[in-house]
Amino acid sequence: MRIRSLLWFALILLAGPIHAQQSSPARLHVLAALPDWTGLWETELSAQLDSGEFARSLEGSGPPPDGESASVELAFFARMTILGEPPYNAEWQRRSRADLEHARGRPITVYACSMGFPLVLDSPTPEGMFEALVTPEETLILYRDGEVRHIYTDGRSHPKPDDLWPTEMGDSVGHWQARTLVIDTIARKAGTMMPPQMPVPGASLSAEAHFTERLRMIDRDTMQDDLTIADSQRFAHPWQLSFRFKRVTNADRMIGTNCTENDRNPVVDGHVTIAPPKESAP
Amino acid sequence: MSRHFKWMPAAAASLVAAVPALAHHSFAMFDMRQTLTLQGTVKEFQWTNPHCFVQLLVPTPDSMQEWSVELHSPGDMYRHGWRPGTFKPGDKVTLMVHPDRDGTKGGLFVSAIAANGQLMQMPGGAGGPKP
């Protein structure tokens, strides 16, 4: 009898939290009003690359005369709007152009395996492929390389300054205006957007940069993100950018990537090479 | 030159087909002016991140050479019909590659003629991304 009583007591304890996790009608009502962003998405550049559109656009140009492909890579990066020159103030315009001159001609080697925010919005490759999970409390943007954006929509504010430090993705909160997600992001790590070994450094941002986005679907297969970056330390005025994402139609699920599973591309004497295969595990 | 190694002028299509490789690293390491044809036997198909590799055994008159041929990531290849079993050990294949500039026995995959005669291309190429 005592054992039966204990079992009932344990069941009641377990049932409480389970009941609390069930969605209330009010929550379901909110959820039903939110947009359905399920599916796989990628940047327009990535879609052009995957479909061969980028390759076709270069047909007839022929390989570079010296066999170097760096010029093709630079042509590709040039299509990234986020690598354009932001509205720097005079000091940062001078410093940025000096950095660019210094970087020019630098051999391109290994890229970073994760891009961070906001570069991931303009990824030239499928590394920026993502899924968006919309809930009343939070929108999660899950990227192929494992990066995640947590955009809290439960009414919270950013953490107070003592509880906040700069990260690659920054800290994001948001709210809905009809079916548009308005995102406010701060505390993004200071520095250039691209890895330091790149000949195209990209915009240099301070840790005080403030990002505002308006993310929405503009048709069944296209999302648009209008981004404004305000950086009073480095910009003369806010920088306005716009990105589009296309629905991925030739993949049935997200397949993750990483750079450590079988990295066979070491840099030797400043150049990337192919290392022999590791011995297979028994 | 051995019949196993054939050098051909590279087409622009194959040059730009390589662009997705830059997700992990630059492809300036490959000589895009040259396309080398390798006839051999698959030793191993590594379906791994950040890049897939074909280990190809290529017979020469006096030795057997092992080549490492680099492709895109599994996620990119999967989108275009490639699977872990697309190449199997023992398959007799012909691979077209842009060779490494540093002389190592390696290169960037351009296309292949599989054991069953099927033409297979790198995703993103101008010629149509179908294996």
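This is a predicted model: local features need pLDDT of at least 70, side-chain atom pairs count only at pLDDT 80 or more; totals for chains, interfaces and linings use all residues.
Me: Which residues of H3(A) are buried, and what do they pack against?

Reply: They are Leu45(A), Ser46(A), Ala47(A), Gln48(A), Leu49(A) and Asp50(A). These buried residues pack against strand E1 (41-43), H4 and E11 of chain A. After H3(A) comes Gly52(A), with a positive phi near 90°.

Me: How should I read a nonpolar core?

Reply: In soluble globular proteins, nonpolar side chains tend to be buried together. Here the largest nonpolar core has 35 residues, and the members touching the most others are Trp41(A), Ile82(A), Leu119(A), Val120(A), Met129(A) and Phe130(A). Among the elements of chain A that each supply at least two residues of this core are helix H3 (44-51), helix H4 (53-57) and strand E2 (130-134). The largest share, three residues, comes from E11(A).

Me: Which residues does Leu119(A) touch, leaving aside those up to four places away in sequence?

Reply: Leu119(A) touches Ile82(A), Met193(A), Met194(A) and Gly202(A). Apart from this core lies another, of 29 residues, including Met29(B), Leu38(B), Trp82(B) and Ala112(B).

Me: How many helices and strands are there in chain B?

Reply: Chain B has two helices and seven strands, following the pattern β-α-β-β-β-α-β-β-β along the sequence. Of its 131 residues, 55% count as buried.

How values were computed
Residues are numbered from 1 along each chain as its sequence is written. Chains are lettered from A and ligands numbered from 1 in the order in which they are written. A nonpolar core is a set of buried Ala, Val, Leu, Ile, Met, Phe, Trp, Tyr and Cys residues joined through C-beta atoms within 7 Å. A residue is buried if 20 or more other C-beta atoms lie within 10 Å of its own, exposed if 12 or fewer, and partly exposed in between; C-beta atoms are placed from the backbone. Helices (H or I, at least four residues) and strands (E, at least two) are DSSP runs, numbered from the N terminus. Two residues are in contact if their C-beta atoms, placed from the backbone, lie within 7 Å.
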